[in-house]
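This report describes sheets, helix packing and salt bridges in one structure. The sequence and the model come first.

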Amino acid sequence: MAHFYKYNNGDPFFIKEVETPAKAKKLKQVFPSVTTVLGVLTDPFIDGRYKPMKTTELSRQHPNKTWEQIKDLVYGLREHPVTKEMIPSSEFGTEVHKRIEEYVLFDLGKQKNIGDSDWDEYAIPFVDWYRNSEIVPRFAEKVVTCSRVKTAGSVDFIGQYKDRTYFLADYKCRSCKDNTPKFYLKDKCQLGIEALFLKQELNLNYIPECISICIDTNTAKHHHKVWKLDDVLHGIKITKLCSKLYWETRMK
């Protein structure tokens, strides 16, 4: 599903009711999300073979499920940490993101009480990391944008190191076989372009560091990958091209 944001003079907000380019084109200054424009990138195996085969297989197994439910199943099921119920991986990831955000908002003084959660095992390692590293949290789920690139993205976490330099972090919940984390091309593309937008918004003289965090859904272990500047710049270049292609093919 495509996501869209209202530019709103550089203070963007998500438009829930706009889910297609056709609807977006009827409004002024509405930009597709970063993940939406990166959707033009396809993988020959995953998109060309695995997804069609898995969709067909699951549709035969569950003839009464809707296509949305089948789509969720394509990405697999994960075990709920407490109830042990098998839930869609997308739901698992959403809950972990939400729990980390609650902790960050608490540290920012924007949330009074967070209590306990079924998802603490998966969220607390990140919270402990930035607290023990004397990192100052600045934003949670901050939306950044650019009127030239014409896309917008929500950053999971933005913090400052002790030297006051900014960095961005993005969490991905993934099943890691043999304790080996998974990081992909789109990870650096998403973070890279959002780092560029933050640089522009805050008038920084550097591109903030980009960190992808792979949260193992099997063990709750957190794996951090700090992207090299060359990777970040490459990700920015790719995302700009994807945005241009998306606008040329779907927004005109």
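In the hairpin of β9 and β10, five residues lie between the strands, and Ala220 takes a positive phi near 70 degrees. The model is predicted, so local features need pLDDT of at least 70 and side-chain atom pairs count only at pLDDT 80 or more, whereas totals for chains, interfaces and linings use all residues. Residues are numbered from 1 along each chain as its sequence is written, and side-chain values use heavy atoms, with hydrogens and water left out. Helices (H or I, at least four residues) and strands (E, at least two) are DSSP runs, numbered from the N terminus.

**Sheets**

β9 and β10 run antiparallel and are joined by five bridges. Within this pair, Ile213 stands opposite His224 of β10. Two strands count as paired if DSSP finds at least two bridges between them.

The open sheet that holds these strands has five strands in the order β6-β7-β8-β9-β10, with mixed pairing. Its edges are β6 (136-146) and β10 (222-226); each has a single partner strand, so one side of each is left without a neighbour in the sheet. From one strand to the next the twist averages 35 degrees. Strands β7 (residues 151-160) and β8 (residues 166-174) run antiparallel and are joined by four bridges. Gln160 has Tyr166 in β8 as its bridge partner.

Helix α5 (residues 89-107) packs on this sheet and touches β6, β7, β8 and β9 (209-216), where contact means heavy atoms within 4.5 Å. The direction of α5 makes about 120 degrees with that of β6. Helix α7 (residues 185-202) lies across β6, β7, β8 and β9 and runs at about 155 degrees to β8.

A further open sheet has three strands in the order β2-β1-β3, with antiparallel pairing. Here β2 (13-14) and β3 (30-32) stand at the edges with a single partner strand each, so one side of each is left without a neighbour in the sheet. Two bridges join strand β1 (residues 4-6) to β2, and Tyr5 stands opposite Phe14 in β2.

**Helix pairs**

Axes are lines fitted to C-alpha atoms, for helices over the stretch in contact, and angles run from 0 to 180 degrees between N-to-C directions.

| Helix pair | Angle | Axis separation |
|---|---|---|
| α3 (residues 46-61) and α4 (residues 67-74) | about 120 degrees | 9 Å |
| α7 and α8 (residues 229-250) | about 90 degrees | 7 Å |

The angle makes α3 oblique to α4, whereas α7 and α8 are roughly perpendicular to each other. Angles under 35 degrees count as roughly parallel, over 145 as roughly antiparallel, 65 to 115 as roughly perpendicular and the rest as oblique.

From α3, the contact with α4 uses Tyr50, Lys51, Lys54, Thr55, Leu58 and Ser59, and from α4 it uses Ile70, Leu73 and Val74. These residues divide into five nonpolar, two polar and two charged. Ala, Val, Leu, Ile, Met, Phe, Trp, Tyr, Cys and Pro count as nonpolar, Asp, Glu, Lys and Arg as charged, and the others, Gly among them, as polar.

In the contact of α7 with α8, the α7 residues include Leu185, Ile193 and Leu196, and those of α8 include Val232, Ile236 and Ile238. By class, this contact has seven nonpolar, five polar and three charged residues.

**Salt bridges**

A salt bridge is a side-chain nitrogen of Lys or Arg within 4 Å of a carboxyl oxygen of Asp or Glu. By this rule there are eleven. Lys54 forms a salt bridge with Glu57, with the closest N and O atoms 3.6 Å apart. Both residues lie in helix α3, three residues apart, about one turn of the helix. Lys54 also belongs to the contact of α3 with α4.
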